[in-house]
Amino acid sequence: MANRQYYVGEAIKVDGDYYDIIGKITYKNRSDGKTWDEYRLRAVSQPAERWLSVDNYYKEYSLSKANPGASTMGYHLVDSGTEEVIDCTGDVDVQVGDVAEFQEYEDSTEELIVSLEYWDDGVEYSSGYYLDPWEFGKDDEKIPRSFGGKGNNIGSILVTIIFLLVWGLSAAASSISGFFSMNKKISTYLKNSNKYTYSTSITGDGKEKADVYECTSPGTGSEQEVLQAVAHDIIDGINGNTESIQQNDEKGDSTVAILTKKEYCIIYMGEDEKVYVQVSTRKYAYTTDKEPYRSRARTRRYYRRYYYSKGYSSDTSSYGSEHSSYTGYSDGTIDYSSSNELNSYSGNVRQSSIDSRSSDGGGLSSGK
């Protein structure tokens, strides 16, 4: 049987139900190098989403849904490893290079499955069941007959035309969404931009790490102006997808701190008078008490105080079982203003990005 490949914008029939494909992710298993595809599906006749997993090498197929309440009780582990995103398109919330640990469990019938994915920002659960090869595929009847009525040719034609128009718009929106989902992560932007040069990495607890880049063309002006300009560049590079951002107003330090949904970043002037950008997962900030690379005392203090003020409390729900570097912390908090210049700039960039596309990115990857 030939390898099965489907594309964003196509319609597919799975286990008797009709779906539109709105996203696709190709993963590689780092242990054996084999790849498989996961398709994000949106039901045609009801507000439901599913994930179709197609492993052409091992001939394994499954249909699942996000299920935070899934339990592995009564199930046994059948597969585990490290998955890496090597391609993605459409409405998905991953980027090429993203990595997660995964575990897959089966029940005693070897029909039902529960999957766990350990991403930077938490564990994602999904539940589903295996499919036989003949239970899914493209179908000429992409619209259920009840939509047009049996024998009603004019009605069927009109419904088909309407469907194709909606389908086309959906495909276009998904393509645009996939394009604009690029560079939403600060780490990806820094890695791909010629304005920044990798300097070093700092290894933290639990294999977490922070990457440090030097800004190769920071511009001129006061320290405050230089760091603010670098912050503007990064905001532009991630389409304004920040959660909070603010510049330190203490005398002698103008460090900029940025929190996104998944990352914590600071822009600072090092003790060697070079401009550095440190970026890590939020989990790194939560679990690791290490000084930013070649940082000054005020920068180190602001780095800790900002995360404690704006990120720590919400992250306890995700990382509460982990050792926290803030146990016994007593260095106070920062005063935050949502109307500060950088936060306002980020909001304007984000709105401009939203206005320029027909749909925003984001979604699930077996729950993500």
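1. Let me start with Ser-346. Beyond its neighbours within four places in sequence, Ser-346 is in contact with Ile-235, Gly-240, Thr-242 and Ile-245. Please keep in mind as you read that this is a predicted model.

2. Where does Ser-346 lie? Its place is in helix α7, which spans residues 341–355. Ser-346 has 0% relative accessibility, so this serine counts as buried; the cut-off for that label is under 20%.

3. Now for a separate part of the chain, strand β8. This strand takes in residues 112–119 and is mostly covered, with six of its eight residues buried.

4. One partner of β8 is strand β7, made up of residues 99–106. The two run antiparallel and are joined by six bridges. To find the pairing on screen, look for Glu-104, whose bridge partner in β8 is Ser-115.

5. The hairpin of β7 and β8 has five residues between the strands. Have a look at Glu-110 in this hairpin: its phi is positive, near 60°.

6. β8 also pairs with strand β9, residues 122–130, in the antiparallel sense, and here there are eight bridges. How many residues does the hairpin from β8 to β9 pass through? The link is made through two residues.

Note on methods: Residues are numbered from 1 along each chain as its sequence is written. This is a predicted model: local features need pLDDT of at least 70, side-chain atom pairs count only at pLDDT 80 or more; totals for chains, interfaces and linings use all residues. Side-chain values use heavy atoms; hydrogens and water are left out. Buried means under 20% relative accessible area, exposed over 50%, partly exposed in between (1.4 Å probe, protein chains only). Helices (H or I, at least four residues) and strands (E, at least two) are DSSP runs, numbered from the N terminus. Two strands pair if DSSP finds at least two bridges between them. Contact means heavy atoms within 4.5 Å.
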